[in-house]
Amino acid sequence: MQPFVIAPSILSADFARLGEDVDRVLAAGADFVHFDVMDNHYVPNLTIGPMVCSALRKYGVTAPIDVHLMVSPVDRIIGDFIDAGASYITFHPEASAHVDRSLQLIRDGGCKAGLVFNPASSLEVLKYVLDKVDMVLLMSVNPGFGGQKFIPGTLEKLREARALIDASGRDIRLEVDGGVNVQNIRAIAEAGADTFVAGSAIFNTPDYSQVIAQMRDELAQ
Ligand code: DX5
Ligand code: ZN
């Protein structure tokens with residue numbers, strides 16, 4: 001298993017002061033910047049695109065940017081995010097007509113590739129592409145909004161995904177996204193996750209470093 005990574009979702013950050021807020025959360029101990037891209041088509045919300053990703057790079061953000069695409073189709077926007085300085089690009093298999101090709105596009109562009117599974121989506125497709133993914137992301141809420149409640153059935157699915165990854169012997173991150181907080185992060189890690197997205201649990205508090213430190217304490221138990 002890879003070292004634990006905390007990836008704050010900037011969906012809950014202050015968009016009017018995004019650069020400063022990202023600096024603050026990284027200084028508070030975050031590892032990745034989780035970047036939620038919504039198109040008001042694949043999900044019922046509209047957020048930020050490649051211009052904002054490249055603006056963060058120009059502003060001086062050097063941490064890995066973990067781009068979570070909730071858009072359909074995905075291929076053209078993948079190219080734009082490669083150019084914008086993304087580190088990881090993940091997408092939902094339902095949003096691409098050719099999953100294998102989209103994964104290949106991401107890797108050909110020098111980024112790490114991943115697939116995202118909605119709460120009711122089967123992991124079946126994974127077994128055909130395990131050699132082409134660097135990350136598996138399990139949604140623990142229905143995508144579209146921050147601040148939702150963690151769906152408990154995700155724990156069992158995490159165990160399944162962990163077993164598939166371990167059996168492959170590959171270096172693949174297992175990320176969880178939605179409703180992650182200090183209270184449940186340990187159980188989520190015990191189920192097999194190594195990468196934790198948290199939006200409202202971090203950004204809706206005044207002291208980011210305190211929450212991140214509490215999360216790390218839970219993970220160290
Ligand atoms: C939901 C997004 C998440 C979301 C997480 O569609 O993919 O990244 O921002 O927010 P919280 O941690 O508040 O559930
Ligand atoms: Zn996300």
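Helices (H or I, at least four residues) and strands (E, at least two) are DSSP runs, numbered from the N terminus. This is a predicted model. Colour the chain by pLDDT to begin: the mean is 98, and 99% of residues reach 70 or more. The model scores are ipTM 0.98 and pTM 0.98.

**Ligand 1.** Select the ligand and the residues around it. The shell holds 21 residues, the closest being Leu-11, Pro-143, Gly-146, Gly-199 and Ser-200. By class, seven are nonpolar, 12 polar and two charged. Now highlight strand 2 (33-38), strand 8 (195-198) and helix 8 (200-203); each of these contributes at least two residues to the shell.

**Annotated positions.** An unreviewed UniProt entry lists residues under "binding site", among them Ser-9, His-68, Asp-177, Gly-179, Gly-199 and Ser-200. Two of the listed positions come next.

**Ser-9.** Go to the loop between strand 1 (5-8) and helix 1 (18-27), where Ser-9 is found. Is Ser-9 buried or exposed? Ser-9 counts as buried because it has 25 C-beta neighbours inside 10 Å. Beyond its neighbours within four places in sequence, Ser-9 is in contact with His-34, Asp-36, Gly-146, Val-197, Ala-198 and Gly-199.

**Gly-179.** Move to the loop between strand 7 (173-177) and helix 7 (185-190) and select Gly-179. With 23 C-beta neighbours inside 10 Å, Gly-179 counts as buried. Show its contacts, again setting aside neighbours within four places in sequence: Ser-140, Val-141, Gln-148, Lys-149 and Phe-150.

Key:
Residues numbered from 1 in each chain as written. Chains lettered and ligands numbered in written order. Predicted model: local features only at pLDDT ≥ 70, side-chain atom pairs only at ≥ 80, totals over all residues. Near = placed C-beta within 6 Å. Nonpolar A, V, L, I, M, F, W, Y, C, P; charged D, E, K, R; others polar. pLDDT = per-residue confidence, 0-100. UniProt positions renumbered as here; feature names shortened; annotations may be inferred. Buried ≥ 20, exposed ≤ 12 C-beta atoms within 10 Å, placed from the backbone. Contact = placed C-beta atoms within 7 Å.
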